[in-house]
Amino acid sequence: MNNFQYKNPTKILFGKDQIANIKNEIPTGAKVLMTYGGGSIKKNGIYEQVKEALKDFELVEFGGIPANPEYEILLEALKVIKEEKIDFILAVGGGSIIDGTKFLSGAAYYEGDTPWNLLTDRKPVTKGLPFGSVLTLPATGSEMNSGAVVSRREIKEKLAMGGPGLFPQFSVLDPTVIKSIPKRQLANGIADAFTHVLEQYMTYSVGAKLQDRFAESILQTLIEVAPKIIEDTSDYEAASNFMWSCTMALNGLIQQGVPTDWAIHAMGHELTALYGIDHARTLAIITASHYKYNFETKKEKLAQFAERVFEVKFGTEEEKALIAIEKTNEFFESLGIATKLSDYTEEFEGTAQHISKKFEERGWKAIGEHQALKPSDVEKIVEMSY
Ligand code: NZQ
Ligand code: ZN
């Protein structure tokens, strides 16, 4: 096991009716900015619950943050934070709203002229305006981590930022919120969380048995609850397991002391930036090609995944590893998620070259758990995903 230092300061308020308790988590007298998306919270009762909980606070609202939070819109929210002298932000939404709020948290204290540099500099953000979240869509783990991804459509960029200053102070995880989530978004949430675990697991063994089993247990739980959630969003037990699995998949715990990959996400983000494909679907497009291309270095873990998660009992290491790749794609497809780029766009020619050029320009010349993947490898992987 590799050395690690781990701290996660986010307080979790888990379960039914926890939204009411946010009033105890926000400093008395704070002026609060509530951030939210396109309006789903106004149809499912979450907005009213939050308003009721915050009735003793001075509250300013900023709605309309889109999926894949857009930089230009976030700049408008930043203006509100400064003009209104906001002390605390409450994100009410999915990963996009929480990520957008993390950007705002960092940008509120950013001293330069162009907050976009928070994304291009890749320097850890150590201080942010305090914020909390009410999660409405289990998927990203953003509710309990310090990372964020922001898009800028004007230049077709989607970049990540983060740092110890960007953990939410608290997050409410009420599994009943999933009742109103459309099937497409539920499927996205399951596939995103599943891939988060894979990115921290499908590398090489360092003898970290507990981390491996944490990862495998999350994968197994997601596979078990996925059909139940898609069938019936009011199944509270399934919803609870789904929600907590998504959070545990990316709150930092399972990656301690082990190598991580994240190449699938790096390539996937480019597909969203280019074509607007939902984040989780971009991951499903890249995963099998990435594992096939890096088969030699990943086959030991792929075979372990086949044995322990898919209960494949027979075959050589290589055979099991190949079955693991097939079963992963079958799992995505069982959620209604197509796994080829050509399923989403007819204009896929040239995508691989475009992405490898971007990586080259940004100096991303060594990705993957061995830092062995160059832009030319990325080009081949993306091409295999057409
Ligand atoms: O905008 P509204 O009207 O609220 O609708 C949203 C949105 O259209 C809807 N929705 C959310 N909760 C709902 C609901 N509809 C009905 N009932 C509810 N309870 O769902 C749509 C998608 O929401 P979004 O927040 O975009 O989804 P998700 O949570 O999948 O977030 C995706 C974003 O997170 C980033 C992705 O790149 C993408 O930009 N990621 C963030 C990560 C992180 N911070 O750690 C890691 C991830 O790998 C990912 O990159
Ligand atoms: Zn993701």
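Me: Which residue in strand 8 stands opposite Ile-12?
Reply: Ile-12 faces Ser-171 of strand 8. Please bear in mind that this is a predicted model.

Me: How many bridges join strand 1 and strand 8, and in which sense do they pair, parallel or antiparallel?
Reply: Four bridges connect strand 1 with strand 8, which spans residues 170–173, and the pairing is parallel.

Me: What is the strand order of the sheet?
Reply: The order is 1-8-5-4-2-3 in an open sheet of six strands, paired in parallel.

Me: And which strands lie at the edges?
Reply: Strand 1 (11–14) and strand 3 (58–62) are the edge strands, each of them pairing on one side only.

Me: What does the twist average from one strand to the next?
Reply: The average is 20° per step from strand to strand.

Me: Staying with helix 6, how does it meet helix 9?
Reply: The axes of helix 6 and helix 9 (residues 263–275) approach within 9 Å and cross at roughly 135°. Helix 6 is therefore oblique to helix 9.

Me: Which residues make that contact?
Reply: Helix 6 contributes Asp-192, Thr-195, His-196 and Glu-199, while helix 9 contributes Ala-263, Ile-264 and His-265. By class, the contact of helix 6 with helix 9 has two nonpolar, three polar and two charged residues.

Me: How does helix 6 cross helix 12?
Reply: Helix 6 (residues 183–201) and helix 12 (residues 317–334) have axes that come within 10 Å and cross at roughly 160°. The two helices are therefore roughly antiparallel to each other, and their crossing is right-handed.

Me: What makes up the contact there?
Reply: On helix 6 the residues are Ile-190, Ala-191, Phe-194, Thr-195 and Leu-198, and on helix 12 they are Thr-328, Phe-331 and Phe-332. The contact of helix 6 with helix 12 holds six nonpolar residues, two polar and no charged.

Me: One last pair: how are helix 13 and helix 14 arranged?
Reply: The axes of helix 13 (residues 351–362) and helix 14 (residues 375–384) come within 8 Å and cross at roughly 155°. Helix 13 is therefore roughly antiparallel to helix 14. The crossing of helix 13 with helix 14 is right-handed.

Me: Which residues are in contact, and of which class?
Reply: Helix 13 supplies Thr-351, Ala-352, Gln-353, Ile-355, Ser-356, Phe-359 and Glu-360, and helix 14 supplies Pro-375, Val-378, Glu-379, Val-382 and Glu-383. The contact of helix 13 with helix 14 comprises six nonpolar, three polar and three charged residues.

Note on methods
Residues are numbered from 1 along each chain as its sequence is written. Chains are lettered from A and ligands numbered from 1 in the order in which they are written. This is a predicted model: local features need pLDDT of at least 70, side-chain atom pairs count only at pLDDT 80 or more; totals for chains, interfaces and linings use all residues. Side-chain values use heavy atoms; hydrogens and water are left out. Axes are lines fitted to C-alpha atoms, for helices over the stretch in contact, and angles run from 0 to 180 degrees between N-to-C directions. Angles under 35 degrees count as roughly parallel, over 145 as roughly antiparallel, 65 to 115 as roughly perpendicular and the rest as oblique. A crossing is left-handed if the near helix is turned anticlockwise from the far one by less than a right angle, and right-handed if clockwise. Contact means heavy atoms within 4.5 Å. Ala, Val, Leu, Ile, Met, Phe, Trp, Tyr, Cys and Pro count as nonpolar, Asp, Glu, Lys and Arg as charged, and the others, Gly among them, as polar. Two strands pair if DSSP finds at least two bridges between them.
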